[in-house]
Every structure is written in structure tokens, then in C-alpha cells.
Amino acid sequence: MGLPATFLWGGATSAHQCEGGWNAGGRGPCKRDYMTLDENKNRLLTYIDDAGNHCFMPLGSGSQLPEGAHYAVFDDCLYPDQEGVQFYNRYKEDIALLKEMGFKVFRMSIAWSRLFPHGNETEPNREGIAFYKDVFTELRKANIEPLVTLWHDDTPLYLDEVYGGWQNRKLIDFFEHYANTCFEEFKGLVNYWLPFNEINNVLMFLDMFGQDPSDEMFQAAYQEMHYKFVASARAVVAAHRADENNQVGCMICGVPFYPATCDPKDIMLSHAMWEKGILYSSDVLCKGEYPTFAKRLWREHGVQLDITPEDLATIKAGSVDIYTFSYYMSSAVTTHSSNDIVGGNCTTGVRNPYLDYSEWSWAHDPLGLRYFLEKVYAQYKLPMMIVENGLGAVDTVEDGRVHDSYRINYLRDHIREMKQAVENGVNLIGYTSWGCIDLVSAGGEMKKRYGFVYVDRQEDGSGTFSRIRKDSFYWYKKVIASNGEDLR
């Protein structure tokens, strides 16, 4: 049977991790522009308090400045996202590399603050509009379909500082105006849209690393997600109104949860994790309504949502056309005590003895990808796209080459299971590997690389930013040319 001839092969990036140009072309800042790493690779935000002291605080969804403080750049700190990998200045070179590989689709994000520096302006920044029009036009010339994420963890800083970020209902209106602007300005250039990246991760983060989240943290997480659900639904309606060819997808952090033992309590824990981590968000976005178990989840933490009948009507009217998700690993969960805890990509569990793990403790589980595809497709019957998948690893340049057979092996295993899911009836329409050109990892590191193209930027900020084709570059080119048949 094989994959359909229309299958969309490609890769994915985000603006704040690859674009750079953080203060160029009229762009406003976001929190990630003030993120640095300490000696233990902890992500920290830098700010000056009301007494003029240089201060640091952990980066997180709940990070709030003390009263009278303001974010600041310190001369003795490195800020990885400010330069990214200079896509802002090198996008033509990078798109030429994507074309050489044979890409059919390129997932990228728009930096909200490049179009609206504060996030709440009436008129967009024309320099930002012109930049993205140039990028999309270049992609079209290369016969590459843009797949565009509107929010990839980069709310304009002004909205965080003045409005309190996504805890404020007003952000729904600001986001809707931003989305409408994109649909109108880029009409005819972009037809595939994702309003929010990994919309479920704000909730999944609460269970990471053995922390004991408070009811207040759950209240904030569920409220943020509700406002984003409404904003997403409004974006879907607006996209369809702007252009009948527009297709809008959800984007879920896809983690299949396994019971670590056959203890019925572990079975039920796995079931509960699926409900809270995956199905809660997916039901709202795909079915246009909260699932039956939502009230139980809220009741467990005394959550009282600001939710209106108008919100529910909007959500009902704005269900998505496509189910897209990221997949890196599975998670094994248990009610039994264990000292062997592993985690990554928004989740933590116990070590699965049947799987191998990366240097960053991410499980290698290609069967988990097929399991997720088949389970979710049976639930929603929507076309699906895998919009993030890949291996983060340390690459070494030897005689001008990067021999990354470990990456090829990882991708081959996952593509095989992806193809089997299609054979089993899943309507899968595309695959975009994560970080197709090396970029700054979500953790702020450069040594954790995902790409088919090596970028000469190092942990200390040094490097020429020159591009080198890895062995995986030529392998993926062959995979695309054969529509997934030649995986040797």
C-alpha cells in the first residue's frame, strides 16, 4: 500500500529557537530573549529589581517579576535565543538546503512580537509582515508548502508584564487580532496553520520531575488552557472565513502512557494520564466540547474556571481540521515507589526496562509512535500529521563531515512504524522531523542537535553559523525521493 503520493515530507523549527534578529526589524521581546543558562544548564531569566540589583529566576510558565523589577540583558551572560541560528538573515540559504533535500512542507512559526511588538497594537509592524512574506514566497518558489505555527512559547513580553500573560482573558482578543492579520496578510501563501504549539504541555509540565504542584498551579494551568482553547477556536473560524483553502490543526505534545506493571492501579493511573495529558485537550480542540471527565479533573484540585456560555459556543464552532502532534518518547507510570525516574518532553515516569534511553533520558520507542497514531485516529477520525519527531544528540564534525548514523537509525525506526500505522488504516498526511536545521534546543543548549544540517554555533556562543550537510541529510533526501520506500 505505502504512503500516498501526496504525502508531505519535511521538517520543523520555531522562530525563537532558530530565527535570531531578536531586536531587528521592529521586533519586540519575549521572555525567551532574556533566558540564560547557569553552570548546571538550568534555564534562568535575568532581571533588575527595584533596588538596581542584577537578579535571576527560573524560567517557567508561572515566572512573574517582583514588583518594581524589569527584565534586562547582562553583559556577562549568554542569551542563546537572541541569535538562534540566524535564520532571519540566512533564510534563503536554509530554504535552498530544504529544497535540495526535496522537502514538500516546512513547519515554522511566526514570532507574534515581530508583527505586533507589544502584542496589543492595532496595526502590525510592516517590516515583520514583509519578512515573513519574503520567507513564504521563497518557500513557494522552492515548491515547499509552509505549515505555520502562530504561537510557539513566545508571547510578547509586554503582554506578560502588563496583562499577566494567558491568565488574562484579554489575550484571547489580542491573539485573534494577530491571527486575523496573518490570515489576511499571507493569504495565498499559507494554507496550513497551527494556532498553538503543544497546547497541553502547560498541564503536563506540572507532573514533571517529581514536583508536588499546588491546587493554585492547577487552577492557573487549566485557566490558561481554557483561554487558549477559545483563542484557537476563534482562529479556526477566522481562518476558514479568510480562505476556504485554509486547514487548521491542533498541535498536541504526544506522549503515550504505559502502565509500568499489570497492577490494576497502574492500569488506572495510565488511563488517567491519557485523560489528563492527551484527551482533555484533544477532545476540546477536535470535538468542540469538554470531555465528560473534565469536571472530575477540575474537582480534584478545586478548579473554578472563568468560562462562559459564549466560550463554549465558540469552542463548538471552532473545532480543527487536522490532528497534529509531536512525538519523541513514551512514558511508563506506576503507583509503586521507584528510584529510577526518567523524563523529558513534558513528562516524567519510571524507566521502562524494554527500552533504550538517550543521553537526555528520552526513551527510544518507535512502537509508541504507532500506538499513539492508531489510538488517536480511532478516537477522532481526523487526518493526522506528525509535526515533531527526532533525536537530540551530540554531533561531531570530522574532516568537514558529520557521521550521524544514530540519527538515521532513530528516524528509520520511527518512519517504519509510521508506515505500518498507515497500512493499518490511519489517515496520515505528513511528517516533519524536528529541528531539520540545527537550532537552539528548548533547554537552551546547542550541543543537543536534531538537524540534517549542522550549524557551526557552539555552547559558548562561538562559531561561524556556517551550514554543513550531515550524513542524515543525504539519507533523508533519498527517503523523500522514494516516498518512504527506501529506508536503507
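Colleague: Is Cys436 buried or exposed?
Modeller: This is a predicted model, where local features need pLDDT of at least 70, side-chain atom pairs count only at pLDDT 80 or more, and totals for chains, interfaces and linings use all residues. Residues are numbered from 1 along each chain as its sequence is written; side-chain values use heavy atoms, with hydrogens and water left out. Buried means under 20% relative accessible area, exposed over 50%, partly exposed in between (1.4 Å probe, protein chains only). Cys436 has 0% relative accessibility, so it counts as buried.

Colleague: Which cysteine has the sulfur closest to that of Cys436?
Modeller: The two sulfurs are 8.3 Å apart. That is too far for a bond.

Colleague: How far is the sulfur of Cys55 from the closest cysteine sulfur?
Modeller: Cys55 is buried, with 14% relative accessibility. Its closest cysteine sulfur is in Cys77.

Colleague: How many disulfides does the whole structure hold?
Modeller: A disulfide is a covalent bond between the sulfur atoms of two cysteines. The cut-off here is a pair of cysteine sulfur atoms within 2.5 Å. Searching the whole structure gives a count of zero.

Colleague: How many salt bridges are there?
Modeller: Side chains of opposite charge can pair when their charged atoms come close. The criterion is a side-chain nitrogen of Lys or Arg within 4 Å of a carboxyl oxygen of Asp or Glu. The structure's total is 30.

Colleague: How many residues apart in sequence are the parts that Glu19 and Arg114 tie together?
Modeller: Glu19 and Arg114 form a salt bridge, with closest N and O atoms 2.7 Å apart. Glu19 is in the loop between helix H1 (15-18) and strand S2 (35-37), and Arg114 is in helix H4 (residues 112-115). Helices (H or I, at least four residues) and strands (E, at least two) are DSSP runs, numbered from the N terminus. The pair therefore ties together parts whose separation in residues is 95.

Colleague: What are the relative accessibilities of Glu19 and Arg114?
Modeller: Both ends of this salt bridge need a look. Glu19 is buried, because its relative accessible area is 2%. Arg114 is buried too, at 0%.

Colleague: Which ring has Arg114 over its face?
Modeller: A charge sits over a ring if NZ of Lys or CZ of Arg is within 6 Å of the ring centre and within 35 degrees of the ring normal. Arg114 is 5.5 Å from the ring centre. The ring belongs to Phe131.

Colleague: How far is the charged end of Lys228 from the ring centre of Trp151?
Modeller: Here a lysine takes the place over the ring. The charged end of Lys228 sits over Trp151, and its distance from the centre is 3.8 Å.

Colleague: What is the geometry of the Trp166 and Phe196 pair?
Modeller: The structure holds 42 aromatic pairs. Trp166 and Phe196 form one of them, at 5.4 Å centre to centre with 80° between the planes. Rings of Phe, Tyr and Trp (its six-membered ring) pair if their centres lie within 6.5 Å; planes under 30 degrees apart count as stacked, over 60 as edge-to-face and the rest as tilted. The class of this pair is edge-to-face.

Colleague: Which strand holds Phe196?
Modeller: The pair links distant parts of the chain, 30 residues apart. Trp166 is in the loop between helix H6 (157-163) and helix H7 (170-185). Both Trp166 and Phe196 are buried. Phe196 lies in strand S8 (residues 192-196).

Colleague: Which residue opposite Tyr431 belongs to strand S17?
Modeller: Strand S17 (residues 384-388) and S20 pair in the parallel sense over three bridges; pairing takes at least two DSSP bridges. Tyr431 in S20 stands opposite Ile386.

Colleague: How many bridges join strand S1 to S20?
Modeller: Six of the seven residues of S20 (residues 428-434) are buried, so S20 is largely enclosed by the rest of the structure. Trp9 stands opposite Tyr431 in S20. S1 (residues 8-12) and S20 run parallel, and the number of bridges is five.
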